[in-house]
2 protein chains.
Amino acid sequence: MNASATRDSIVTAADELFYTRGFEATSFADVAAVVGISRGNFYYHFKTKDAILDAVITRRMKSRDDMLRSWVDCGQSPKDSIGKFIRILLMNNEKIRAYGCPIGTLFTELSKRDHPGEPAARALFDLFRQWLRHRFEDLGCGADADQLAMHVLARSQGVATLANAYPDEPFLETEVAQMLAWLDAIAAQHAQTP
Amino acid sequence: MNASATRDSIVTAADELFYTRGFEATSFADVAAVVGISRGNFYYHFKTKDAILDAVITRRMKSRDDMLRSWVDCGQSPKDSIGKFIRILLMNNEKIRAYGCPIGTLFTELSKRDHPGEPAARALFDLFRQWLRHRFEDLGCGADADQLAMHVLARSQGVATLANAYPDEPFLETEVAQMLAWLDAIAAQHAQTP
DNA sequence: TCGTTTTTAGGTCATTTGTCCTAATTCGTC
DNA sequence: GACGAATTAGGACAAATGACCTAAAAACGA
């Protein structure tokens, strides 16, 4: 098989395992088993576990960046863009209930261990934060834009955590509806005072 | 030393280490070193790592339960009680910035590994949830009480996570102020429609 | 075919949990 | 104080696991 194809399937498998089982709990052997290659081959592509983590974070970064860009490029209103972000929680409903937020849980794990990959994991938060801030600026929120961005991020994180703790309850849907209502209010408020 | 005193200091040390480093990352040797006892003595008190985890969760449960009860017993209004809960985030400011929420991060870690201690960790959430629900009921929120309780829990979790990711920003204080303002609005709303 | 790339099989080394043992020390009780 | 029970120290050791490494084989392209 092509080397970059093998490398890619390793990163794909690692991404999934880091999400569902956690970074530390996932071993070389686990990833190799999913991909169907030997541990030695694994080492051929990635010298250290941190190198795989880097690749996984880079992959997530690109994936999220592409997603966010597509929402802006398709030309919808800033409010609808932010609404789409909030609705990610609904889109990934089952996975969030089962494993929490892939960004949040990874950061929390790396932070607790003072892992060198922590800044890279924080950069994933930054990506969403900047994007949200720009959308709120487009909405006319000016100086409040960053604070609003952080607010949306925090509530999303909280909802993901609690949905993970209480997966059998309709809590996630309720909270998303409330966040969308809150967004309506913010948008209305800044529409009349431009 | 008294056996229960030794046991207690083990649980205290484990509680702190599980919080600051995480459960999996903390080894028997780590805890024994902090307490200043031998590994042999350690095994005299706790046969397995899961047994220490149980003891730590029980301890946290009792500590939080005592705290919540004291807030009700001192006879302040339900609104002020809920306010005190929200202000936990301020009280534990530095620790939350450094290590996140002790309840949330423990649950997330155990959940991700399908650890048998997961239900016990969820019970900690339940404790806060029930208490908040009762306070909102006292406030006259009736059927909405549980949903409001979950809302407060979720926002607190989200704030803790983001404050952990951005420890150098005044974000935590800002969000607490907003939550307290939100609480004011809820209380006012139910004061005029009893 | 030849040389490079890719893959495999296997092993090393360190760490951690958990078990077990012995001897010393402390403690409660008489 | 004496005695037995509880507690502690300090280790040896097995089993498991995971990160990391090497060398030979296989696949592949020119």
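Rings of Phe, Tyr and Trp (for Trp, the six-membered ring) pair if their centres lie within 6.5 Å. With that in mind, select A:Trp71, A:Phe85, A:Phe128 and A:Trp131: together they make up one aromatic cluster. Keep in mind throughout that this is a predicted model.

Over all chains, the structure holds 19 aromatic pairs. One of them is A:Phe42 with A:Phe46, a tilted pair at 6.2 Å centre to centre and 50° between the planes. Are these two buried or exposed? A:Phe42 is buried, at a relative accessible area of 0%, and A:Phe46 counts as buried too, at 2%.

Now hop to chain B and pick B:Phe28 and B:Tyr43. This pair is also tilted, with 5.0 Å centre to centre and 35° between the planes. Colour by helix and you'll find B:Phe28 in H2 (residues 28-35) of chain B and B:Tyr43 in H3 (residues 39-45) of chain B, so the pair ties together parts that are 15 residues apart in sequence. B:Phe28 is buried, at 12% relative accessible area, whereas B:Tyr43 comes out as partly exposed at 31%.

Next, look for charges over rings. Show A:Lys49 and A:Phe23: the charged end of A:Lys49 sits over the ring of A:Phe23, 4.6 Å from its centre. Another case crosses between chains, where B:Arg129 has its charged end over the ring of A:Tyr166, 4.6 Å from the ring centre.

That brings us to where the chains meet. Select the contact residues and you'll have 38 from chain B against 38 from chain A. The two chains bury about 3,200 Å² between them, with 56% of it on carbon and sulfur atoms.

Chain B and chain A have 4 salt bridges between them.

Last stop: superpose the chains. Chain B can be laid on chain A with an RMSD of 0.1 Å, by a turn of 180° and a shift of 0.1 Å along the axis. That is how a two-fold axis relates its copies. To find the axis from chain B, centre on B:Gly158, whose C-alpha is the nearest in that chain at 1.9 Å. The same surface serves both copies, as 100% of the contact residues of chain B recur in chain A.

How values were computed:
Residues numbered from 1 in each chain as written. Chains lettered and ligands numbered in written order. Predicted model: local features only at pLDDT ≥ 70, side-chain atom pairs only at ≥ 80, totals over all residues. Heavy atoms only, no water. Phe/Tyr/Trp six-rings, centres within 6.5 Å; stacked < 30°, edge-to-face > 60°. Buried < 20%, exposed > 50% of the residue type's maximum accessible area, 1.4 Å probe, protein only. Helix = DSSP H or I, 4+ residues; strand = E, 2+ residues; numbered from the N terminus. Lys NZ or Arg CZ within 6 Å of the ring centre and 35° of its normal. Least-squares fit on C-alpha atoms with pLDDT ≥ 70 in both. Contact = heavy atoms within 4.5 Å. Buried area = accessible area lost by both parts, 1.4 Å probe. Salt bridge = Lys/Arg side-chain N within 4 Å of Asp/Glu carboxyl O.
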